Amino acid sequence: HNSSVYLMTMGSIVSWSMTLIPVFMTIVPLFHCNGWNHTWMMPILGGTLVCCRDISSKVIYDAIADEGVQYFGGAPIVLNMIVNTNDAERRDFDHTVEVFTAGAPPAPATLLKIEKLGFNVTQVYGLTETYGHVTECYWETEKWSGLEGEERAAIKARQGVAFPMMEHITVMDQSMSEVPKDGKTQGEIMIRGNSVMKGYFKNKKATIEAFEGGYFHSEDIAVHHPDSYIQIADRAKDIIISGGENVYPAEVESVLFEHPAIAEVAVIGLPDDTWGEAVTAVAALVPDTDLTLEELRGFAEAKLARYKLPLRLHLVDALPRNPAGKVLKFQLRESLA
């Protein structure tokens, strides 16, 4: 409905403290909810929209250096692309570029690397059903200004607090009670506000299920920190059950991303006669590097419980993604099962 589009566009301007006459680069496809909301922000602010036919690290750096791009949004794959840019394509610029990332929780290791290159990343979260992002990891300067390295990146990887146009966003258990704000107890992200869809087109049953209890059910599993910031553990449908234990792929991916040989990685569960599901890492490597399962397990065992360590490793040239940059895990499961 039209009011959702309007609220999302205006709310984004407020949440990101966007200036008048900004220079914004489109990376998210224009058919995507974030793509069109970002684009419509520009005439409101008298801004310039820089469009890219192809997305590559060279295109991004050229747009920043030649067109003065100040803002852009993109999935974590775009952050990885920038981090892994070779010196020949990297360009100098003298301003901080504000980047809004969503689609999947970015690895703290990636956030740590990209800030050193002149980019300030804000993590946001939302769904198509909410017309895009509805929470942001608002940076509280007075509280966190002294944080450096991994501590700073860990905070930035949170999905944050509600945008100003939303009514209420929280984490609830199966009885529709809010979970404790202890950063440990897991529940489902629940959303209320006029930026939420009316319902699924010609699907009354799915609509009723999605709004049971008066909130939109995101199907995203998360914790609520004491400061009210939400942090996703994973999608409910992507949880791996190995040996009776729940393994959250996002947690494992975050650790594996720190390995210097890994350019991108996805963690999925594959059928296993012993464990029910085997934790499986599918990775694309940095050029001219190599990696074995034993090396990867040895690298990750200091930060992950043993049952969370990958039992299998598959190396690929690139991970399959949709046009918005999300990894198509169902394709990986189908091709490797």
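Student: What volume does the second largest pocket have?

Tutor: This is a predicted model, in which local features need pLDDT of at least 70, side-chain atom pairs count only at pLDDT 80 or more, and totals for chains, interfaces and linings use all residues. Residues are numbered from 1 along each chain as its sequence is written, and side-chain values use heavy atoms, with hydrogens and water left out. On a 1 Å grid over the protein atoms alone, where a 1.4 Å probe is used, a pocket is an open set of points with protein on both sides within 12 Å along at least five of seven lines. Its volume is the space filled by probe spheres set on the points, which are joined across faces, edges and corners, and for the second largest pocket this is about 280 Å³.

Student: Which element gives the largest share of the lining of that pocket?

Tutor: Lining residues have an atom within 4 Å of a point, and among them are Ile77, Asn80, Met81, Ala263 and Arg321. Helices (H or I, at least four residues) and strands (E, at least two) are DSSP runs, numbered from the N terminus. Helix H4 (76–83), strand S14 (262–272) and strand S15 (276–285) each supply at least two lining residues. The largest share, three residues, comes from H4.

Student: How do the lining residues divide by class?

Tutor: Ala, Val, Leu, Ile, Met, Phe, Trp, Tyr, Cys and Pro count as nonpolar, Asp, Glu, Lys and Arg as charged, and the others, Gly among them, as polar. The lining then has seven nonpolar, two polar and two charged residues.

Student: How are H3 and H4 oriented to each other?

Tutor: Axes are lines fitted to C-alpha atoms, for helices over the stretch in contact, and angles run from 0 to 180 degrees between N-to-C directions. Helix H3 (residues 57–67) packs on H4 at about 80 degrees, with the axes 9 Å apart. Angles of 65 to 115 degrees count as roughly perpendicular, under 35 as roughly parallel, over 145 as roughly antiparallel and the rest as oblique. H3 and H4 are therefore roughly perpendicular.

Student: Which residues of H4 make the contact with H3?

Tutor: Contact means heavy atoms within 4.5 Å. On the H3 side it is made by Ser57, Ile60 and Tyr61. On the H4 side it is made by Val78, Met81 and Ile82.

Student: What is the orientation of H4 and H5?

Tutor: Their axes lie 9 Å apart at an angle of about 50 degrees. H4 and H5 are therefore oblique.
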